Amino acid sequence: MSLNHPSGTTLPPHRVLARSLVTVRSWPFLIDLAIGACGIAIFFAILRTCSYWLGGQVPVVAISHSVSALPVYAFYSITRIAIAYLLSLTFAISYGYTAAYNPRIEAWMVAVLDILQSIPVLSFLPPVILFMITLIPGHQLGIEMGVILLIFTGQVWNLAFSFYSSLKSIPKEMVEAARIYRYSAWQRFWQLEMPYATIGLVWNSIVSVAGGWFALIACEMFPLGARNFRLPGIGSYLQTATDSGDVKAILYGIAVVILIVVATDQLLWRPLIAWSDKFKFEQVESSDRVTSPILELLRRSNLTAIPGRLFTRLEEPLFRRLARTRACRVVEPLDADETTRKPALLLILLAVAAAALASWGLWQAALMLRTVTWADLRLLLAGAAATFARVNASLIISALWTIPVGVTIGFNPKLARIVQPVAQVLASVPATAFFPILLIGLVKLGGGLGIGSIALMLLGTQWYILFNVIAGAMSIPSDLKEAASVYHFTRWQRWTTLILPGIFPYLITGMVTASGGAWNASVFAEYSRLADRTLSTVGLGAQIDAATESGHFNILLLATVLISIMVVTMNRLVWRRLYRLAETRYKLEG
Amino acid sequence: MPEPATTTANAAIIRAQGIEKYYAQPSQNRIQVIAPTDLSIVPGEILALLGPSGSGKSTMLRMLSGLSQPSAGQVFWHEKPIANAEINVSIVFQSFALFPWLTVQENVEAPLQARGIPPEERRRRSLKMLDTVGLDGFEAAYPKELSGGMRQRVGFARALVVEPEVLFMDEPFSALDVLTAENLRSELLELWANKTMPTKAVFLVTHNIEEAVLLADRIIVLGRNPGHIRTDFRVQLPQPRDRKSEPFTNLVDYIYKVLTRPEVAPTAAPDQTTGKVPRDQRQMHYQMLPHARPGGVAGLLELLIDHGGKDDIYRLADDLAFEIDDLLPIVDAAQLLGFLNIEEGDAAITATGAAFANSEILHQKELFREAALTNVLLLRQIRRALETKSDHTVPEEFFLDMLDEQFSDDESLRQVETAVNWGRYAELFDFDASRRRFILPEVEEETVAAPEAE
């Protein structure tokens with residue numbers, strides 16, 4: 001015991017007792033060993049990745065079909081996702097923090113978030129790649145960074161939004177407590193803001209990483225004008241296998257993707273969710289919590305306490321220094337923050353620079369768009385209409401089957417406990433991984449991509465709606481259900497007065513997420529290359545792909561603008577209103 | 001840290017000079033929340049701030065503690081502007097405001113950490129303080145594992161561990177059940193009386209009259225619209241105080257009267273040794289007539305019915321896109337007429353109010369007439385004077401003279417103007433503007449029933 005607590009003598013007896021209860025554990029040595037081994041493996045992996053990245057540029061890596069290559073490919077893909085995610089998290093936190101504490105630019109930053117959140121990432125692919133290659137010439141790192149940046153743009157916005165809205169919703173008295181007890185910004189960040197935002201960040205991370213996989217599989221291998229880019233990874237493995245019609249390899253690839261998703265869920269998300277439970281801002285302890293054996297194991301290991309202790313040692317001198325700063329000596333009025341601060345010169349300069357850059361970009365874009373012919377525009381508009389119809393058709397189909405199924409599951413708690421996590425995992429499995437198989441099936445059946453692309457979109461969208469409907473049905477209080485049966489509601493009455501209003505907020509949440517996913521999927525689903533054939537249908541997504549492949553950047557730009565306008569308008573006109581309705585009218589409280 | 005020698009023993013720790021709070025509106029006029037106020041917190045006393053909701057109690061606390069900046073005026077900490085002083089105060093919050101992810105001990109240690117105190121001393125001081133508030137053995141628990149009363153104990157421990165000079169408390173017991181609150185109150189008094197806590201002054205915000213009388217050495221009662229000090233007096237009852245004793249109940253009654261009659265200037269506090277309340281000199285009081293039109297009252301009531309008969313006043317103002325200052329006279333008028341009740345910032349329509357709002361115009365006038373005669377002294381007097389005089393007319397002067405005793409000249413004129421407005425609507429009387437005389441409407445003389453509610 002004394003080893004664990006150098007200062008153990010000053011501890012009250014029962015704390016020592018609490019510690020010693022924890023030591024009743026099995027195989028402590030083995031756990032420590034395993035964790036140590038993981039550390040060494042990570043170190044080696046970093047070494048290996050670096051040597052590959054810093055190597056020369058190999059735009060087209062030969063992709064093997066063999067199953068034995070899969071672990072390496074999976075490793076490279078996971079690394080990309082992990083780096084992109086860490087970048088997103090860092091960026092999201094700084095962005096959210098800046099937006100929340102700078103009232104002058106807050107409205108702008110939130111609007112930017114709002115728009116970027118709804119633009120399909122995949123249409124950014126070509127410019128991002130070209131930019132990164134010119135930025136880091138001569139190294140593999142350039143192409144890699146391009147792909148990572150792309151995944152980043154798909155992951156970051158909802159994280160930033162989540163962090164921002166968490167900061168904004170911290171209860172006022174907590175903020176006042178931090179102020180009156182003269183917390184430094186550092187202490188406030190770690191003891192109030194970060195903990196308060198953790199739960200939102202964890203849940204949004206799950207959605208983000210799922211989106212990351214979706215984009216990754218689509219963009220590890222792509223033609224850009226005359227050049228082909230191919231990075232070693234699970235996405236390009238699947239593509240190559242599809243091109244050569246190797247069904248067995250495709251199935252192996254899908255299996256690995258599912259394995260990764262399930263493993264991430266079990267090894268990362270579930271422990272994180274269970275851990276984040278302590279950050280729940282609630283008055284009473286809730287009875288049903290997510291449990292995670294992995295987290296228990298980690299908690300029992302001695303090694304995991306080391307970073308914490310190290311952190312404490314580093315933190316103490318910092319706190320002593322911070323105590324001498326103004327924030328820790330004087331209570332600054334909370335409401336003076338906005339009024340007295342003058343706009344810094346730097347901020348003005350930044351704003352001017354941003355405005356200049358934006359107008360330059362706009363000018364360039366306008367020049368480029370001048371080359372678009374009327375015929376092109378007409379085609380694009382027709383495509384936009386087709387894609388719009390397809391996206392909404394897929395949403396409606398998803399809703400039609402998920403509502404009855406979800407409600408049935410949700411009303412049966414036993415079943416729900418099994419199905420809900422499964423649906424959650426399924427929602428995380430990137431639909432792009434299934435596209436090849438579906439494509440081959442479609443070709444065999446002789447169906448075109450017109451209908452097929454709806455099926456492809458469905459793959460990506462329905463799970464979000466399903467698990468939200470299940471959650472909604474579970475949240476309907478049982479006394480309301482009992483009231484419905486006491487008063488002998490007819491089936492129709494039950495649905496219209498109890499179930500549909502009850503699940504409405506959840507349904508809307510699911511549909512909003514799904515709609516974003518469907519737009520994103522459209523870019524991928526409407527145009528596909530199978531072996532030496534190109535399958536495509538009329539649609540904006542297909543036009544984006546075709547433009548990418550042929551290098552018509554003007555069409556690409558216009559199509560991206562069109563798709564963004566459609567998505568943003570839909571959000572503003574439909575989803576946000578429904579959301580507000582759900583928030584105000586159909587919220588079941590208590 | 002030793003304090004510099006103070007000139008007098010009772011030099012204020014915190015002194016507010018003409019502080020006020022208002023929110024500027026784009027439309028030039030502003031919402032005044034607190035009128036210019038002077039207030040001092042001196043060592044050795046528990047000061048309770050009482051007031052109805054909306055009187056700016058919490059805002060006052062936040063300005064005095066430096067959390068909020070007064071729109072005008074200045075707060076001094078030991079005669080230094082508070083914005084630059086190293087103040088040492090704590091706040092105990094109504095919602096406890098504990099950090100749920102920190103253990104009890106970590107919660108108590110956090111303010112010490114902010115002050116750069118080394119870990120060993122932090123632990124020693126926090127454990128000692130937890131022991132003092134009776135939480136020995138709970139240091140490793142999380143707040144959500146504790147009952148409300150125990151959580152507030154943690155709140156007290158966190159507040160006291162920094163040894164504040166002034167302890168602010170913002171309705172600290174109102175989220176607790178009656179027994180727990182009672183228990184905590186007496187423990188707090190014990191700590192204070194035994195000087196177990198180094199705190200020199202306590203500032204308590206509450207809406208509970210008994211709580212204020214039980215704890216405070218000095219009570220300040222705030223009024224509304226905008227918040228202002230109505231009365232400020234010392235409580236001389238010896239501790240421990242007996243809730244059932246006559247001086248105690250007299251004092252509670254006195255404060256209750258002050259609070260429920262915002263239009264009447266408060267009399268002196270009752271003599272707390274014999275329990276006699278000084279006799280009220282003025283026999284009759286005119287209520288201050290809010291300057292609202294009967295049509296506005298009807299409109300407000302109809303809106304309230306649409307909102308289910310009850311709604312928050314501020315939300316009503318929002319919905320109507322009214323300035324709150326424009327809405328309040330209408331609300332006050334409706335309240336005066338007995339058409340609605342105000343409870344904690346919510347306006348609730350009464351049965352007569354609902355009947356009034358739902359009637360057609362002639363019946364509406366009848367109901368308004370009844371309500372006016374029952375509730376409004378001035379209207380009743382005018383009506384009676386007109387009835388008793390043979391020519392059924394009375395000059396305006398007559399009433400102005402009576403009103404002048406209570407209101408300023410301008411206000412008296414406005415009172416008469418409003419009375420005319422209401423009287424005409426209710427067809428109680430008419431007013432001949434050229435001769436400045438009230439007259440009894442002859443045509444309706446027969447139909448207007450004699451005031452039943454006398």
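**Burial, rings and cavities: how the labels are assigned**

Colleague: Why is Arg383(B) called buried?

Modeller: Arg383(B) has a relative accessibility of 4%. Buried means under 20% relative accessible area, exposed over 50%, and partly exposed in between, with a 1.4 Å probe and protein chains only. The 4% of Arg383(B) therefore counts as buried. Arg383(B) belongs to helix H13 of chain B, residues 377-388; helices (H or I, at least four residues) and strands (E, at least two) are DSSP runs, numbered from the N terminus.

Colleague: What are these values based on?

Modeller: This is a predicted model, in which local features need pLDDT of at least 70 and side-chain atom pairs count only at pLDDT 80 or more, while totals for chains, interfaces and linings use all residues. Side-chain values use heavy atoms, without hydrogens and water, residues are numbered from 1 along each chain as its sequence is written, and chains are lettered from A and ligands numbered from 1 in the order in which they are written.

Colleague: What makes Trp186(A) and Trp190(A) an edge-to-face pair?

Modeller: A search of the whole structure gives 29 aromatic pairs over all chains. For Trp186(A) and Trp190(A), the ring centres are 5.8 Å apart and the planes stand at 70 degrees, so the pair is edge-to-face. Rings of Phe, Tyr and Trp (its six-membered ring) pair if their centres lie within 6.5 Å; planes under 30 degrees apart are stacked, over 60 edge-to-face, and the rest tilted. Both residues lie in helix H8 of chain A, four residues apart, about one turn of the helix.

Colleague: Are Trp186(A) and Trp190(A) buried, exposed or partly exposed?

Modeller: Trp186(A), at 30% relative accessible area, is partly exposed, and Trp190(A), at 39%, is partly exposed.

Colleague: How do you know that Ser205(A) is buried?

Modeller: Its relative accessible area is 2%, so Ser205(A) is buried. Ser205(A) is in helix H8 of chain A. Not counting residues up to four places away in sequence, Ser205(A) touches Tyr85(A), Leu159(A) and Trp269(A), where contact means heavy atoms within 4.5 Å.

Colleague: Which residues line the largest cavity?

Modeller: Trp269(A) is one of the lining residues, and others include Ile206(A), Trp213(A) and Asp265(A). H10(A) gives the most to this lining, with five residues.

Key
On a 1 Å grid over the protein atoms alone, a cavity is a set of points where a 1.4 Å probe fits but cannot get out, and a pocket is an open set with protein on both sides within 12 Å along at least five of seven lines; lining residues have an atom within 4 Å of a point.
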